[in-house]
Amino acid sequence: MYRVLIVEDDSQIRQVIGDYFARRDKIALDFAEDGNIGLTKFLNESYDLIVLDIMMPGLDGFELCRIIRKKSDIPVVFLTGKVREEDILYGYELGADDYIVKPFSIAVLYSKLLALLERTSSDTEQRKVIENGNIAIDPVKLEVKVAGEVVELPPKEYQILMYMLKHPGVAITRKLLLAVAWNDDMYTSERVIDNRVKNLRHKLGKEGSRIKTLIGVGYRFD
């Protein structure tokens, strides 16, 4: 379930949003009554997305967004009655991801937030560096490091290692590795996979010993 912080000083709006979202099971809400409370919650809690009203007593939404952007790339959505084009553009310049104008449909708000959450969650997962022990794979750079040193791997060995790091402690058959790295190429034999794994062990140095051979089955990364 996603966690969303809504910073809104209108208690009636908070109540309406809270009632609607409570009947759904994908987004859990937390509320802040003004910008100062919102900042405190942002600094001390973990959220997947923040919704900001703009006109609030104390710290307004624009200033709060500016502070958030200095510390995090968490998705930010403005929920406001300010409809001037310059205000909307200014919000985007500050790093907002979307802008919802009051009055608004609660159903549309829920759908927009869920779509943004699912998209950004997927993007974050794809960008995340995968680490296990002294091995780290950066899927954006397609870079493998062992104990901080870059190790050059050809594409097939990179794909094999990536799969093993994502499934530690799991028996991985040669047939599965064939599907992962060769797309079930009928002309590729299991002996080719064994040779690739042998090369991979060598290039990983001491970490290579973590690839265990399961006789008659395949391999396991411990």
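Predicted model: local features only at pLDDT ≥ 70, side-chain atom pairs only at ≥ 80, totals over all residues.
Student: What kind of aromatic pair do Tyr 20 and Tyr 110 form?
Tutor: The ring centres of Tyr 20 and Tyr 110 are 6.1 Å apart, with 65° between the planes. Planes over 60 degrees apart set the class. The pair of Tyr 20 and Tyr 110 is therefore edge-to-face.

Student: How many residues apart in sequence are the parts that Tyr 20 and Tyr 110 tie together?
Tutor: Tyr 20 lies in helix α1 (residues 11-22). Tyr 110 lies in helix α5 (residues 106-127), so the pair ties together parts of the chain whose separation in sequence is 90 residues.

Student: Are Tyr 20 and Tyr 110 buried or exposed?
Tutor: Under 20% relative accessible area is the cut-off for burial. Tyr 20 and Tyr 110 are both buried.

Student: Which residue has its charged end over the ring of Tyr 20?
Tutor: The charged end sits 3.9 Å from the centre of the Tyr 20 ring. It belongs to Arg 24.

Student: Why is the pair of Phe 62 and Phe 78 edge-to-face?
Tutor: Phe 62 is in helix α3 (residues 61-71) and Phe 78 in strand β4 (residues 76-80), 16 residues apart. Both residues are buried. Their ring centres are 5.4 Å apart, and the pair is edge-to-face because the planes stand at 80°.

Student: Which residues do ring pairs link into a cluster with Phe 62 and Phe 78?
Tutor: The cluster is linked by ring pairs. Besides Phe 62 and Phe 78, it holds Tyr 90, Tyr 92 and Tyr 99.

Student: What span should helix α6 have?
Tutor: Helix α6 (residues 155-166) has 12 residues, at 1.5 Å a residue.

Student: How are α2 and α3 oriented to each other?
Tutor: The axes of helix α2 (residues 35-44) and α3 come within 10 Å. They cross at roughly 15°, and the crossing is right-handed. Angles under 35 degrees share one class, so α2 and α3 are roughly parallel.

Student: Which peptide bond is cis?
Tutor: Most peptide bonds are trans. Here, one has omega near -5°. Its Pro 103 is in the loop between β5 (98-101) and α5. The cis bond runs from Lys 102 to Pro 103.

Student: Is Leu 142 buried or exposed?
Tutor: Leu 142 has a positive phi of about 55° although it is not a glycine. Leu 142 lies in the loop between β7 (135-138) and β8 (143-146). At 58% relative accessibility, Leu 142 is exposed.

Terms used: Residues numbered from 1 in each chain as written. Heavy atoms only, no water. Phe/Tyr/Trp six-rings, centres within 6.5 Å; stacked < 30°, edge-to-face > 60°. Helix = DSSP H or I, 4+ residues; strand = E, 2+ residues; numbered from the N terminus. Buried < 20%, exposed > 50% of the residue type's maximum accessible area, 1.4 Å probe, protein only. Lys NZ or Arg CZ within 6 Å of the ring centre and 35° of its normal. Expected span 1.5 Å × (residues − 1). Axes fitted to C-alpha atoms, helices over the stretch in contact; angles between N-to-C directions. Parallel < 35°, antiparallel > 145°, perpendicular 65-115°, else oblique. Left-handed = near helix turned anticlockwise from the far one by under 90°.
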